[in-house]
Amino acid sequence: MTTLSETVRQITGADSVALGREIQSLWSGYGVIQCAELRTVDAEGLSTNVPVVIKHIDVSAARTNPRGWGSDISHQRKVRSYQVEKTFYDCFSPQCNQLCLVPNLIAATEKLDEGGWVIVLADLNALGFDRRKSEVDQRDIQACLAWLANFHAAFLGNMADGLWPIGTYWHLDTRPDELAAMPSGPLKQSAEQIDQRLNGATFQTLVHGDAKVANFCFSDDDRDRVSAVDFQYVGRGCGMKDVAYFISSCLSEQAALRQQESLLNFYFQQLQIAVTARNPEVKFSDLEREWRELYPFAWADFCRFLSGWSPGHWKLNSYSDQITQSVLDQLHRE
Ligand SMILES: Nc1ncnc2c1ncn2[C@@H]1O[C@H](COP(=O)(O)OP(=O)(O)O)[C@@H](O)[C@H]1O
Ligand SMILES: [Mg+2]
């Protein structure tokens, strides 16, 4: 079996590869994400070192995941997610500009012998995006929302060929176990309708699909920009799915309620600038009206997943309850 450094050497064309620090192992033992340096020596004997990050997925090493949902469905979803991530970097990431920065793909391959992938990316730390945050301030939040707005504008109308037909890791069709585990009640009964409302939106784009704070890389020198990583659940969808989930990842219920209006205003301001520049023919007021109406639906859809996956999760709070209730009331009235 070819070693990881040899595979990386072959696909990047480097003269040698020095594996470095392991950043983390992947969920349920599906592999590892690791720093490395690609060393190339030119004809004059001058060597250059390029810092990279390798995402090495080894499906054969997968264990049953620690939360106990080690079903075949979850394994299949996971395997597909890595294929999607490779496709995203290969075919879609070149459309991302500096305002929705993603790491450059250096090389990627599918390892047919052991069932897995090797994805070699530029190391964002070397580009100054070396801060990871669990606590964010207003400026950090705005930098992430600006990234989302620019990403959504870049892929408006995209058909997501080779990605998830419907993005996000909590999408209903991919979560039958969690739906079955949900307590019965109006949210469970309306799960399908909420999903259809989101899928039926006129304006669709690509959603990142797991846009939590942990998947953004921050820079102290460039505080208004971030880079995103982790494109396993990218697919077609309404941009509000990313925005609602991002807010749920970094704000308390009180803050989410207090800041909802100003954060949405900021996101739509950024979206308008980006859409107008990329797609002047789009009637932005229609897009904004539709997506604002869908913001509560995106929350309710995520709460549907949480209440089956992890009842009592801290994100299920009075803010999310209130939003979900408003959606259920609206559906009841219609
Ligand atoms: N190209 C990169 N440059 C620097 N850091 C990275 C890069 N890609 C990933 N990382 C870091 O590794 C972490 C895990 O990568 P990610 O793709 O999110 O794996 P996982 O699917 O296990 O969450 C990220 O949160 C980020 O901090
Ligand atoms: Mg991640």
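**Ligands and selected residues**

Biologist: How far does a polar side-chain atom of glutamine 232 lie from an oxygen atom of ligand 1?

Modeller: This is a predicted model, in which local features need pLDDT of at least 70 and side-chain atom pairs count only at pLDDT 80 or more, while totals for chains, interfaces and linings use all residues. Residues are numbered from 1 along each chain as its sequence is written, chains are lettered from A and ligands numbered from 1 in the order in which they are written, and side-chain values use heavy atoms, with hydrogens and water left out. A polar contact is a pair of N or O atoms within 3.5 Å; within protein, one must be able to donate a hydrogen and the other to accept it, and residues adjacent in sequence count only if both atoms are side-chain atoms. For glutamine 232 and ligand 1, the distance is 2.8 Å.

Biologist: Which elements give two or more residues to the shell around ligand 1?

Modeller: Strands (E, at least two residues) and helices (H or I, at least four) are DSSP runs, numbered from the N terminus. The elements are strand E1 (16-25), strand E3 (47-58) and strand E5 (116-122).

Biologist: How many residues surround ligand 1?

Modeller: A residue is near a molecule or strand if one of its heavy atoms lies within 4 Å of it. Among the closest are Lys55, Leu124 and Arg132, and a polar side-chain atom of arginine 132 lies 2.6 Å from an oxygen atom of the ligand. The number of surrounding residues is 18.

Biologist: Which residues coordinate the magnesium ion (ligand 2)?

Modeller: Donors are N, O and S atoms within 2.8 Å of the metal (3.2 Å for Na, K and Ca); water is not among the atoms, so the site may look incomplete. The donor atoms are OD1 and OD, at 2.2 to 2.3 Å, and they belong to Asn215 and Asp230.

Biologist: How many residues apart in sequence are the parts that asparagine 215 and aspartate 230 tie together?

Modeller: Asparagine 215 lies in the loop between strand E6 (205-207) and strand E7 (216-218), and aspartate 230 in the loop between strand E8 (226-228) and strand E9 (235-237). The separation of the parts is therefore 15 residues.

Biologist: Is aspartate 230 buried or exposed?

Modeller: Phi of aspartate 230 is near 70°, a positive value in a residue other than glycine. Most residues other than glycine have a negative phi. Buried means under 20% relative accessible area, exposed over 50% and partly exposed in between (1.4 Å probe, protein chains only). Because its relative accessibility is 17%, aspartate 230 counts as buried.

Biologist: Which backbone nitrogen does the side chain of serine 219 reach?

Modeller: Serine 219 lies in the loop between E7 and E8 and is buried, with a relative accessible area of 6%. Its side chain reaches the backbone oxygen of glycine 128 at 3.3 Å. At 3.2 Å, the side chain of serine 219 also reaches the backbone nitrogen of aspartate 222.

Biologist: Which backbone oxygen does the side chain of glutamine 34 reach?

Modeller: Glutamine 34 is found in strand E2 (residues 31-41) and, at 9% relative accessibility, counts as buried. At 3.1 Å, its side chain reaches the backbone oxygen of glycine 20.
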